Amino acid sequence: FFWLSLNVWLFWKTFLLYFQGLQYYYLHQMLGLGLCVSRASASVLNLNCCLVLLPMCRVLLAFLRGSQKVASRKTRRLLDKSKTFHVTCGVTICVFSVLHVAAHLVNALNFSENYNEDFLALNAANYRGEDPRKLLFATVPGLTGVIMVLVLFLMCTASTYAIRVSNYDIFWYTHNLFFVFYMLLMLHVSGGVLKYQTNLEEHPPGCFNPNKTLRENMTVPKAFEETFPDYTTEPFPEDLPVPEPFVQNNFTRICSEEPKFQSHFPETWFWISGPLCLYCVERLYRYIRSNKPVTITSVISHPSNVLEVRMVKDDFKARPGQYVILHCPRVSALESHPFTLTMCPTDTKATFGVHLKVVGDWTERFRDLLLLHSNQDTEILPIFQQRRYPKLYVDGPFGSPFEESLNYEVSLCVAGGIGVTPFASILNTLLDGWKHYKLRRLYFIWVCRDIESFRWFADLLCILHDKLWQENRPDYINIQLYLSQTDGIQKIIGEKYQALNSRLLIGRPRWKLLLDEIAKCNRQKTIGVFCCGPNKISKILHKLSNSSNSYGTRFEYNKESFS
């Protein structure tokens, strides 16, 4: 709502500037409201085209989130809204682009019909009645504008949820047309079609020129209509001086020279040059940083089409909850995909890993390359004996909301299916040591459709559970596993999973009762709620987190989604 209000305010202020500004008087006489609407919408587009790139500067956001520059947790949580802000700016660009295009279509028609021979510098048309389509397709501003509309249409339609889910490739390739869009935008504003008057003191709008009357061809402002005597419609003879009383009484309405017009300096360059350069520098830095392929140490095939890839890379550091972007040239030369780290490097081990669910063309081809000569069983080979895996490049790490889970005294982590991956790195970190973190109690809720999915991290959960029992802190983590679809009572196969079987529940969680119980056990505390899973669960938790309770407990909601 704040961003909408800011854009509407900027639109209105710019509209009034061009509607009331004397320097735009003659241009306004020619174009009417089309001038005001086109310039007002352009100012909103400048702002949003400037800011839409900043949320995509992932390295900058990760630095701010992990540095001491942003000490406030509330401020850091705003950084987690970067994707939402990016989408909001994109939608705003689409809406005001429609308004901008409509206004310029009217302007093109008015330039043709209101061709003015007195002010040739103002005319975009070459003669009265010129085909407006020539202004759209035969000029640099017009042609670049048409192409930008087509590019924006492709980017917007391919960004819809349905296309992203059904065919991510289309979204990926069309979204990278943004660079073409920005190059066209810089050319678009360099045409200088709309001009303003520069000599207002020497030629006030609507003034009287003793040597050339303009009243026959132009509407004079009402404020000046009563001050022109009838005899002033004819020019003064050159050999006679202008009467002294006339000069004194009407000095502000006498033109000392013809109006002069000048094109605006392309303000869009000021708006977009900084963010665009920042984004390009970051992309260059990311390219250099990820230019060296990682060493894959092991590939593990898990049940339910989940693949685990463990790897090492020199000088790679990451915090629990962060994610990386994987690029495998043999799978796709241009595509890259984000995956949450399920294992982070520590001081004692350099290995890090990801779990990926095989859904879609990219993950299927990637799996086939990794398991080309192996069976579906666990495959862990020493580095010196490892198979010839395809080259894999890792870009990152990048920040996510789940980094904050260790900064609350109490955290509630809710995972749906493969959405457990962000919490796996957190659990691995707690396994290495939990005492130096602020977190003192963790509620871990994991909902899966089939029993086999729990085996992805069953070993990790059991080891962490046993470790906390040995340290006399069994209440540090509260594990609840929910099997949403089943034909009867099932258990996680294996005697070593007995601790998890006792925490396995059939059905779906009763979220309101669950949060009420957590609030009751943690009165007057602030609890971080972290969710990675289906939108249905996310919406329920978001709504419940914002509702009040009788225990004085406050829930702060956080969510991660790559879709």
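In which strand is proline 397 found?

Tutor: Proline 397 belongs to strand 9, which spans residues 393-398; strands here are DSSP runs of E with at least two residues, helices are runs of H or I with at least four, and both are numbered from the N terminus. The model is predicted, so local features need pLDDT of at least 70 and side-chain atom pairs count only at pLDDT 80 or more, while totals for chains, interfaces and linings use all residues. Residues are numbered from 1 along each chain as its sequence is written, and side-chain values use heavy atoms, with hydrogens and water left out.

The peptide bond that leads from glycine 396 into proline 397 is cis, and its omega is near 10°. Serine 304 sits in the loop that joins strand 3 (295-302) to strand 4 (306-312). Most residues other than glycine have a negative phi, and most peptide bonds are trans.

Turning to the helices, helix 8 (residues 140-158) and helix 11 (residues 178-188) have axes that come within 9 Å and cross at roughly 155°; axes are lines fitted to C-alpha atoms over the stretch in contact, and angles run from 0 to 180 degrees between N-to-C directions. Helix 8 and helix 11 are therefore roughly antiparallel to each other (an angle over 145 degrees). Their crossing is left-handed, that is, the near helix is turned anticlockwise from the far one by less than a right angle, with clockwise giving right-handed. On the helix 8 side, the residues that meet helix 11 are Val140, Pro141, Thr144, Gly145, Ile147, Met148, Val151, Leu152 and Met155. Helix 11 answers with Phe178, Phe181, Leu184, Leu185, Leu187 and His188 (contact means heavy atoms within 4.5 Å). This contact of helix 8 with helix 11 comprises 12 nonpolar, 3 polar and no charged residues; Ala, Val, Leu, Ile, Met, Phe, Trp, Tyr, Cys and Pro count as nonpolar, Asp, Glu, Lys and Arg as charged, and the others, Gly among them, as polar.

For helix 1 and helix 6, the axes come within 11 Å and cross at roughly 30°, and the crossing is right-handed. Helix 1 contributes Trp3, Asn7 and Phe11 to the contact, and helix 6 contributes Phe85, Thr88, Cys89, Thr92, Phe96 and Leu99. By class, the contact of helix 1 with helix 6 holds 6 nonpolar, 3 polar and no charged residues.

Technical notes. Angles under 35 degrees count as roughly parallel, over 145 as roughly antiparallel, 65 to 115 as roughly perpendicular and the rest as oblique.
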